[in-house]
Amino acid sequence: MNIKPLADRVLVLPAPAEEKIGGIIIPDTAKEKPLHGTVVATGKGTKDEEMVLKEGDDVLYGKYSGTELEYEGTKYLMMRQSDVLAVIEK
């Protein structure tokens with residue numbers, strides 16, 4: 001990964017949106033944004049807040065969290081660690 005977040009920011013790869021529910025195919029315009037994803041890169045934290053997230057963590061985040069960006073054809077979200085609501089334990 002060539003993108004390295006600074007300070008307390010994390011780069012999240014959102015989970016793909018649901019394509020079908022039951023037998024119904026959902027058009028792109030009706031799909032809801034996913035609210036979970038995988039951390040692919042983290043900053044080092046700040047002097048006041050250490051980085052507790054790590055690469056590979058599955059996380060939940062708020063509906064309007066982060067800034068969308070596209071790199072090499074893949075869409076990511078850049079957000080502060082504080083925008084992450086929870087880590088999904090497997």
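Notes on the source. I am working on a predicted model, where local features need pLDDT of at least 70, side-chain atom pairs count only at pLDDT 80 or more, and totals for chains, interfaces and linings use all residues. Numbering runs from 1 along each chain as its sequence is written, and side-chain values use heavy atoms, leaving out hydrogens and water.

Core. I looked up the largest nonpolar core and got ten residues: V10, V12, V39, M51, L53, V59, Y61, L77, M79 and V84. Another core, of five residues, lies apart from it, with L11, A41, Y76 and M78 among them.

Strands. Next I checked the partners of β1, residues 9-14, counting strands as paired if DSSP finds at least two bridges between them. Four bridges join β1 antiparallel to β7, residues 74-80, and V10 stands opposite M79 there. Five bridges join β1 to β4, residues 36-42, again antiparallel; V12 has V39 as its bridge partner in β4.

V10. I then listed contacts (heavy atoms within 4.5 Å). Leaving out residues up to four places away in sequence, V10 touches P5, V39, A41, T42, M51, L53, L77, M78, M79 and V84.

L60. I found L60 in β5, residues 58-61, partly exposed at 35% relative accessible area.

Note on methods. Buried means under 20% relative accessible area, exposed over 50%, partly exposed in between (1.4 Å probe, protein chains only). A nonpolar core is a set of buried Ala, Val, Leu, Ile, Met, Phe, Trp, Tyr and Cys residues joined through side-chain atoms within 4.5 Å.
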